[in-house]
Amino acid sequence: GSGPHAHTGSSVPLRVSSPFGESTGKRMHRIFVYGTLKRGERNDSWLSNPRYGSSKFVDRATTVRPYPLVVYPPFSIPFMLNAENHPKAKKIEGEMYDVDDQMLASLDMLEFSPHWYSRLKIDVTDSERAVHECGAYLLAQFDSHLLEMDTFHSYSQAGSPVLQHREPNMVIDIMCKTKRFESESEKRKILEKMMDALVEKMSEKNA
């Protein structure tokens, strides 16, 4: 046919631009969540808490490229590893949200980005196979033993225990077991920043 959609076969994902709240004058950011922030998971209330900013659910989504998704015991912490196309990598299912600056900053705090997780740009497809560029929290520098763990397409641990941020030593211990450090001095520097972040987070919780 010669119509405007003649060359967009259903097998080709279309890249679409995000409608970033021009009407409100608020700058919005599109993010992809795959773990405890998904609806029904243990941190889902974070995205709906106006104290942390505003967010809007966009659609279910799947990563365009495969990544290893591992779940670290005993608190079932999901880590999407920045190792796309690794032999154990899978396309990861999650959800897309539009969030404002305030919510993005509070998510960075929740995920200890950039000290532990890193917010990276990745491509995902929505339920109609259109492609979106999203920010996602991946473990960029990770300990190689994580790649020996089972990997998953999708995370669901709604009933698992929550890692409390008021247990800073446990948070630090898990970070040390999952993150790869370039040097001892880098490790010391990041641990100091993590302790600062934990103190800030505890004061947030108690405010």
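**Notes on the predicted model**

1. Starting with S183: this residue is partly exposed, at 31% relative accessible area (buried is under 20%, exposed is over 50%, and partly exposed is in between, with a 1.4 Å probe and protein chains only). S183 sits in the loop between α3 and α4 (184-206); helices (H or I, at least four residues) and strands (E, at least two) are DSSP runs numbered from the N terminus. Its side chain comes within reach of the backbone nitrogen of E186, at 3.1 Å.

2. A word on the ground rules. This is a predicted model, where local features need pLDDT of at least 70 and side-chain atom pairs count only at pLDDT 80 or more, while totals for chains, interfaces and linings use all residues. Residues are numbered from 1 along each chain as its sequence is written, and side-chain values use heavy atoms, leaving out hydrogens and water.

3. How confident is the predictor overall, by mean pLDDT? The protein chain averages 85, with 82% of its residues at 70 or more (pLDDT is the predictor's confidence in each residue, from 0 to 100). Residues 1-24 fall below 50, and beyond near neighbours in sequence this stretch has 26 contacts in the model (contact means heavy atoms within 4.5 Å).

4. On charges, the whole structure holds eight salt bridges (a side-chain nitrogen of Lys or Arg within 4 Å of a carboxyl oxygen of Asp or Glu). One of them pairs E95 with R39, at 3.3 Å from N to O. The two come from distant parts of the chain, 56 residues apart: E95 is in strand β5 (residues 93-100), and R39 is in the loop between β1 (28-33) and α1 (44-48). E95 is buried at 7% relative accessibility, whereas R39 is partly exposed at 48%.

5. R65 and D123 make another salt bridge, their closest N and O atoms being 4.0 Å apart. Again, distant parts of the chain are linked, with R65 in the loop between β2 (55-63) and β3 (69-72), and D123 in strand β6 (residues 118-126), 58 residues away. R65 is partly exposed at 30%, while D123 is buried at 13%.

6. The K177–D173 salt bridge has its closest N and O atoms 3.0 Å apart. Both residues belong to helix α3 (residues 168-178), and the four-residue spacing is about one turn of the helix. K177 is partly exposed at 39%, and D173 is also partly exposed, at 36%. Elsewhere, salt bridges with shared partners tie R65, E84 and D123 into one network.

7. Have a look at D59 in strand β2. What is the nearest side chain of opposite charge to D59, and how far away? It is R60, at 5.0 Å, and buried D59 has no salt bridge (Lys and Arg count as positive, Asp and Glu as negative, with His and the chain ends not counted). Leaving aside residues up to four places away in sequence, D59 touches E95, M96, D126 and S127.

8. Helix α2 (residues 101-110) is mostly covered, with seven of its ten residues buried. Among the buried ones are M103, L104, L107 and D108. After α2 comes F112, with a positive phi near 50°.

Key. Polar contact = N/O pair within 3.5 Å; in protein donor to acceptor, adjacent residues only side chain to side chain.
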